[in-house]
Amino acid sequence: MKNNKMLTRIATAAALMFSAGAYAAEPFRIGVLEDMSGLYSDITGRGSVVAAQFAIDDFGGKVLGRPIELLSADHLNKADVASSRAREWYQKDDVKLITGLGNSAVANAVRTVSRSTGKIDIVTSAASSDLTGAQCSPTGFHWAYDSYSLGKTVGSAVVANGGDTWFFIAADYNFGQAVQRDTTAAVTAAGGKVIGSTKMNINSADASSFVLQAQASKAKIVGVATAGGDTITVIKAARDFGLVAGGQRLAVPVIYLTDVFTLGLKTAQGLLLADPFYWDLNPETRAWSARFFKETNKMPTMTQIGVYSAVLHFLKATAEAKTDDPKVVADKIRALPVNDAMGKNVKVREDGRVLRDVHLFQTKTPAESKGPWDLYKLVSTTPGTDAYKSLKEGGCSYIKQ
């Protein structure tokens, strides 16, 4: 009898050890949900997956004693596809973080799922400032940039240089609405006036009619509130119809490095733009970008290094929290300063807004450029504490004003 009891204890202990070992071996999953095949794939896409894997590798490949597994999927720029994938990842695959989420409609859809399930999402690619306002969440974050910070930086600078009348060509969904709204606020505050606008369908093959409306307005500035391939289409049409040659100027609050590269400096020269990141800012940005270029043959956009920053900080917060409980990890995300190649000692505010410095750049002339990716020159920098909506302006419902 005594031997039987001893054997039972040994078998129980072995079973517990096996169970603990099995749990420890269960992957800790992170998901990158991005446009992998459409008009935003160049500014997000595979580059965002590469950046996420860099972060996992730099962290050491494990957290809480578990191997980190990276999942990725294409949301096809469809909110229903994105929300369905998010539910599957959270509920079936036990994904701990979803990041990327280019396209503001997609980001809002996933934010709704994350909020209802109590899971963490870190938006790095969508622009709408509503993500830390009406769409805020205790476990949701907006990481790289937003429509308000870029619109404020470009809008106020352009008005200060004499561009006091504006006409907008805006994407006809959440993103375009947010960029036009936030840039308009900056233009108005600086003493300018918006005299008209037109809405452009996403992924439009031809922007001729929109550019002609902008020309007819006689506005000094044509604000382009589109992104990715649509921005390229608008700027090319503006060149073909002689908009700039006729005395009007283009202002593009949200434009990405790869867009300017695709356009070429002959077409894109002289544009004022805002960005929290540029590959050639300092030795650390150059080193990280060289690593990225080796893998992708492109320099990174602010959205792609934003994924790196988000995943790395999330893993640091998880390790510090010593748990994968979303609320505890979210508190650690806010408590820890963000330190990586994108910025140093950056604060994460209560509403999930990361307060990065925002740089105003001007695109170089072909004669000024010393290489294929030598595209920007720095004009000024707005500190992160001044670049974003205040907590009161943002209107996040769970923050006590």
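Biologist: What should I know about the model before we start?
Modeller: It is predicted, with local features needing pLDDT of at least 70 and side-chain atom pairs counting only at pLDDT 80 or more, while totals for chains, interfaces and linings use all residues. Residues are numbered from 1 along each chain as its sequence is written, and side-chain values use heavy atoms, leaving out hydrogens and water.

Biologist: How many aromatic pairs does the structure hold?
Modeller: There are 13. Rings of Phe, Tyr and Trp (its six-membered ring) pair if their centres lie within 6.5 Å; planes under 30 degrees apart count as stacked, over 60 as edge-to-face and the rest as tilted. One of the pairs is Phe-28 with Phe-314, which is tilted, at 6.0 Å centre to centre and 35 degrees between the planes.

Biologist: Where do Phe-28 and Phe-314 lie?
Modeller: Phe-28 is in strand 1 (residues 28–34) and Phe-314 in helix 12 (residues 302–321), 286 residues apart. Helices (H or I, at least four residues) and strands (E, at least two) are DSSP runs, numbered from the N terminus.

Biologist: Changing topic, is Ala-51 buried or exposed?
Modeller: Ala-51 counts as buried because its relative accessibility is 0%. Buried means under 20% relative accessible area, exposed over 50%, partly exposed in between (1.4 Å probe, protein chains only).

Biologist: Which residues is Ala-51 in contact with, leaving aside neighbours within four places in sequence?
Modeller: Ala-51 touches Trp-288, Gln-304, Val-307 and Tyr-308, where contact means heavy atoms within 4.5 Å.
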